[in-house]
Amino acid sequence: MDLDDSPWGENVKSVQDSEWSKLSSDFVNAGYREGITAGKEGALQEGFDEGFAQTGAPLGRNLGMLRGFSSALASFLASTSAQEHTERDQLLNEARTISSALSDVRFSDIDPPDTQAMEHAKEHMEDAEDVVASEELQEKRDMESLEDLMDRMGATPSAKQANRPTPEDVAQLEQRLHTLAQTLGLTLPSR
Amino acid sequence: MDFDLEELVHVEQTFYDEGYRDGYAHGRIHGLIEGRALGREKGFEMWEELGFYEGFALMWAAILEKQGRRDDRAASNIRHLLDLIAQFPKFNPSAAEPSELDIPKLFRQIRSRYKALCATLGVRPTLRAGGAAGSPDGDEDPAHSPIEDASTDSTTVWKIDNKPRARGNNDLSF
């Protein structure tokens, strides 16, 4: 126990010290606030470009093309009444099943985790807001969970309500698409 | 208490600078994370739709070839569609090199070329689910193209914009 802590002790030194540390922390904090804003603004575009080119565009293109393939096969099977395939309806059904399963996939189902974001969130768990990247995206997630909720309330409680699709599901659908194309004597165009 | 005012100002600046440096480093991390999340979403949204048209066109090209069907109009539509899609950037052209690319216009051209292809094939255009779901059937009003209210308007570079997206009935209409 330090005797200088006594409130009756006119300890000029300790008053000076606390004044000093208040002054310093005030200015450090002010600088920090300005700095965090500037740093963020400066990095937004860089992050955007990176996310667009390295993750969003290639992932979207891949899924989109699979959807395009299945849509083309379905429309082809639906229009080809000439040679009366007994198995045509079955194949058409498969094409449509794949198509609808693919269109059920959302970006949030297959996007790889942002490791930097996760590490950083761990660094300061106390700030709950840091987990959410932005207001706009949060809005979208909210909307999606609302859709899920409405799905569940729908008259036909389907099996898909339980789990969101995974990247493995997408790979499996791609495999089925391959098989379907092969059955028709076709190969999926390369991507 | 007497002090040298000059020195105090200098000391204030030092503290401020110290805080600023740390804050800037921290803010940069947040900016990268937030920007990346938006860029991923945007890139996915756009390329998922474009990829759909691309895959559709390529698959039909394979079908026509397999059938030995000589359909010049379909073939030309496919070629044009793929050509338009090839013009679309897979990365965000940064402010460094402003291009003359009109993204919304290109999107409109691609959508209508897709519809034209469907018409020549005698196939109904598909209403696609997903974030950027343009309604490729019937919606001829370019002003309602969902891409318009995104961050691509008028500029050739996708800037981050903080204005909340006009998120109307697009998401629940199908």
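Helices here are DSSP runs of at least four residues, and strands are runs of at least two. By that rule, chain B has 3 helices and 0 strands. The model is predicted, so keep that in mind throughout.

Start with chain B. From the N terminus on, its elements read α-α-α. The chain holds 174 residues, and 46% of them are buried. Its accessible surface is about 8800 Å², with carbon and sulfur atoms supplying 52%. Now look at contacts in chain B between residues at least 6 apart in sequence. Of these, 69% join residues at least 24 apart.

Turn to chain A. This chain has 6 helices and 0 strands. Its order from the N terminus is α-α-α-α-α-α. Chain A has 191 residues, and buried residues account for 35% of them. The accessible surface of chain A is about 11600 Å², and 52% of that belongs to carbon and sulfur atoms. Take the contacts in chain A between residues at least 6 apart in sequence. Here 74% join residues at least 24 apart.

Next comes the interface. How is the size of an interface often given? The usual figure is the accessible area lost when the parts come together. For chain B and chain A, the buried area is about 6500 Å². Carbon and sulfur atoms give 68% of it. In chain B, the residues that lose the most area to chain A are Arg40(B), Phe44(B) and Met59(B). Together they make up 12% of what that side buries. The contact draws on 64 residues from chain B and 71 residues from chain A.

The interface also has a polar side. Between chain B and chain A, 24 residue pairs are in polar contact, with both residues at pLDDT 80 or more. Sort the chain B side that touches chain A by class, and there are 29 nonpolar, 16 polar and 19 charged residues.

Side chains of opposite charge can pair when their charged atoms come close. Across the interface of chain B and chain A, the rule finds 8 salt bridges. Over all chains, a search of the whole structure finds 19.

Take one cross-chain pair. Arg28(B) forms a salt bridge with Glu46(A), and their closest N and O atoms are 3.2 Å apart. Why does this pair join two chains? Arg28(B) lies in helix 1 (residues 5–67) of chain B, while Glu46(A) lies in helix 1 (residues 12–79) of chain A, so the bridge joins two chains. Arg28(B) has 28% relative accessibility, so it counts as partly exposed. Glu46(A) is partly exposed too, with a relative accessible area of 38%.

Now take another. Arg36(B) forms a salt bridge with Glu50(A), with the closest N and O atoms 3.3 Å apart. Arg36(B) sits in helix 1 of chain B and Glu50(A) in helix 1 of chain A, so this pair also joins two chains. Is Arg36(B) buried or exposed? Arg36(B) is buried, because its relative accessible area is 8% and the cut-off for buried is under 20%. Glu50(A), at 28%, is partly exposed.

Other bridges stay inside a chain. Arg106(A) forms a salt bridge with Asp148(A), the closest N and O atoms being 3.1 Å apart.

Finish with a glycine. Gly31(A) lies in helix 1 of chain A. Gly31(A) is buried, with a relative accessible area of 0%. What does Gly31(A) contact, leaving aside its neighbours within four places in sequence? The contacts are Tyr16(B), Gly19(B) and Tyr20(B).

Conventions:
Residues are numbered from 1 along each chain as its sequence is written. Chains are lettered from A and ligands numbered from 1 in the order in which they are written. This is a predicted model: local features need pLDDT of at least 70, side-chain atom pairs count only at pLDDT 80 or more; totals for chains, interfaces and linings use all residues. Side-chain values use heavy atoms; hydrogens and water are left out. Contact means heavy atoms within 4.5 Å. Buried area is the accessible area (1.4 Å probe) that two parts lose on being put together, summed over both. A salt bridge is a side-chain nitrogen of Lys or Arg within 4 Å of a carboxyl oxygen of Asp or Glu. A polar contact is a pair of N or O atoms within 3.5 Å; within protein, one must be able to donate a hydrogen and the other to accept it, and residues adjacent in sequence count only if both atoms are side-chain atoms. Ala, Val, Leu, Ile, Met, Phe, Trp, Tyr, Cys and Pro count as nonpolar, Asp, Glu, Lys and Arg as charged, and the others, Gly among them, as polar. Buried means under 20% relative accessible area, exposed over 50%, partly exposed in between (1.4 Å probe, protein chains only). Accessible areas come from the Shrake-Rupley method with a 1.4 Å probe; for residues, only the protein chains shown count as cover.
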